Amino acid sequence: MKLDVNALGTFYRMAREGAGLAAGRLTHMLGVETKVGVTKLNFMRGQEIRRDFEDSTEKVGVRVKLTGGIEGYSVVVFERENALRIVETLLAEAGPDADVDADVDELDGFDEMTESAATEVGHIMNSGFIDGWADVLETVIDVSTPEFVEGQTAEPFFGDIDEAPADDDLALLFQSQIETVGTEVGFSHYLFPKRESMSKLLEQLRTSEGIEYDKLDGFDRMAERGAEEVAKTATTLTGIDTSVDIRRLNFVSLEAIPEQVANEKLVGVAFEFDGMPSGYLLFLFDEESAHEIVDAMVPMEVDEDGFGEMGTSAIKELGNIMASGFLDGWANVLDTTIDHSTPEFIHDIGAAAVDPVIIQLGENQDFAFVFDTVVMADGREFDCEVYAIPDESDLERALNNLDVDRIEETPTTAEFQEVDNT
């Protein structure tokens, strides 16, 4: 099974189109304004999908089986409380003839009527997504009778679906979110396609030689190896016991990246890298985490905001180590050379922190691979967004030359100099 950026771009447009149709239908059904949230193509291992579900919150979902242009399963998942809010709104819209007290505080479970209402909402959402995909693909996709599902783990939602990935398998998933404006009601959407169906679609959509799917799996594992090196060197550099966990590889539109960045003060470091592949690398921390890094690396009084000359230098040095951990590992596995620029310090609010990189990239490409990364430092978890954005044609050539057996055999060799904190 091979894929390329054009095929992934088509899938991304399918996801956006479907989310737009689903949002419009939710607006029509509930009489409330909606908006499309984040849309991503996720390359996720089965264990990470299951971890997303197992957060101790009750969930309900509606799933349908697909045949025709796409084969597999489409699943809409709500947090239970959000599903009850939607049912409350829907039954209230039905008026007094509904013969129900539609107070979400009173609805502590799903009876026949409320389960039917939730299933109707989920089915209309599924149909919106699927109709959007069919429009983009100019094909017909048939949908089965909707099935209502509830539970606290992933098992009831897709444990019996053959298309769902095993713990160590890398799966391509559509994930979209729609929110009702002014409320906390939202939901996530998953597509579990049959491998044969996906392979056929990819063959139709590719416009280049493409990348073997197992090579992309190798790319994900390369990043994991780089993350291990980042953790080791960051621990040595800062004195803070650090681990780095890459949860998933996302394929997103460049235009969507600023929308996904938290609207808060961020601190980061940007690099341009050159070789095979070339591209850009960006690390973004929340401001509180950056302060802790500076405190650990600079054991003396610093400027009030923590990012004067010494603070900036500390963040840039850590970013430099992280970049080396990623890129040296890639270069070793690919048996190539990748050089990176000197670090550029970033301290700005939300989208403004990533706009300069996005503008430069947007001249030559429309999409990017983004690693969703969590850094654990001294027992405290905080997000570190890693935007690894390789040149599309370079990445395709590099991965086609990748020997996946080298990934586990080849050591990462990031070089760095310790900071003297005495």
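## About the model

The model is predicted, so local features need pLDDT of at least 70, side-chain atom pairs count only at pLDDT 80 or more, and totals for chains, interfaces and linings use all residues. Residues are numbered from 1 along each chain as its sequence is written, and side-chain values use heavy atoms, with hydrogens and water left out.

## A buried serine

Let's start with Ser74, which sits in strand β4 (residues 72–79). Strands here are DSSP runs of E with at least two residues, numbered from the N terminus. Ser74 counts as buried because its relative accessibility is 0%; buried means under 20% relative accessible area, exposed over 50%, and partly exposed in between, using a 1.4 Å probe and protein chains only.

## Aromatic rings

Now for the rings: the structure holds eight aromatic pairs. Rings of Phe, Tyr and Trp (its six-membered ring) pair if their centres lie within 6.5 Å; planes under 30 degrees apart count as stacked, over 60 as edge-to-face and the rest as tilted. Tyr190 and Phe192 are stacked, because their ring centres are 6.3 Å apart and their planes lie at 10°. Tyr190 is buried at 6% relative accessibility, and Phe192 is buried at 1%.

Phe251 and Phe367 also form a stacked pair, with centres 5.0 Å apart and planes at 20°. This pair links distant parts of the chain, since Phe251 is in strand β10 (residues 242–253) and Phe367 is in strand β15 (residues 367–377), 116 residues apart.

## An enclosed strand

Strand β12 (residues 279–286) has eight of its eight residues buried, so the rest of the structure largely encloses it. In a regular strand the side chains alternate between the two faces of the sheet. Both faces of β12 are covered, with buried residues including Phe283 on one side and Leu284 on the other.

Strand β11 (residues 265–275) pairs with β12 in the antiparallel sense over eight bridges; pairing requires that DSSP finds at least two bridges between the strands. The two strands form a hairpin with three residues between them, and Gly268 stands opposite Leu284 in β12.

Conventions: Helix = DSSP H or I, 4+ residues; strand = E, 2+ residues; numbered from the N terminus.
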